[in-house]
Amino acid sequence: MARSIDQIDRAIIACLQADSRTPSAEIARRVGVAERTVRARIDRLVNDGVLRLVAVLNPRAIGYGVTADVFLEVELGKVQEVAQTVAELEEVGYVGLTTGDRDISIQLFAPSVDALYDFVTEKLNRIPGVLRAKTFVIPRVVKSIYEWELPENLPSGVARGQQTPQTANRSRA
């Protein structure tokens, strides 16, 4: 069953989004619950796949000053294979299958526009099955997934605790 999210979970998530290194004792003080409750809630949110606690690199800070979104048109029947190949490339931070006139959406990081050009022409366009690549340089990111906040009104399936593909085979303790 999908895990319902209450106000305590929301408050804990907000604290962790502001600073994931905030100790459970501090979160407990801010939220007004016991530290043990915070630790148990965080564990459950992680185990249920609602929350991931990870370190996030800032590509620009380590010399990858160019971010680009690239949309690939791929031969019929080769989308999964091409997506898997692209996902293994070290410059690529995101791969998604899309609908519309392109088949795959990727986001990549490069140290320069020249390196971006080389990546697209020498790596992407040479992958068997890739027909076309449409590249968009992202000069400034206004909001990223790491700044996304939990909506007030969750989808009805989440609110009622219906199963999702991620939780269908997972049992809760």
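A salt bridge here is a side-chain nitrogen of Lys or Arg within 4 Å of a carboxyl oxygen of Asp or Glu. Glu73, Asp101, Arg102 and Arg132 are joined by such contacts into a network. The model is predicted, so local features need pLDDT of at least 70 and side-chain atom pairs count only at pLDDT 80 or more, while totals for chains, interfaces and linings use all residues. Residues are numbered from 1 along each chain as its sequence is written, and side-chain values use heavy atoms, leaving out hydrogens and water.

Eleven salt bridges are found in the structure. Here are three of them, with N to O distances.

| Pair | Distance |
|---|---|
| Arg102 and Glu73 | 3.3 Å |
| Arg30 and Glu26 | 2.9 Å |
| Lys123 and Glu91 | 2.8 Å |

Let's start with Lys123 and Glu91, whose side chains meet in a salt bridge. This pair links distant parts of the chain, 32 residues apart: Lys123 is in helix 5 (residues 113-123), and Glu91 is in the loop between helix 4 (79-87) and strand 2. Helices (H or I, at least four residues) and strands (E, at least two) are DSSP runs, numbered from the N terminus.

How exposed are the partners? Buried means under 20% relative accessible area, exposed over 50%, and partly exposed in between (1.4 Å probe, protein chains only). Glu91 is buried at 17%, whereas Lys123 is partly exposed at 35%.

Arg30 and Glu26 sit four residues apart in helix 2 (residues 24-31), about one turn of the helix. Arg30 is partly exposed at 48%, and Glu26 is also partly exposed, at 23%.
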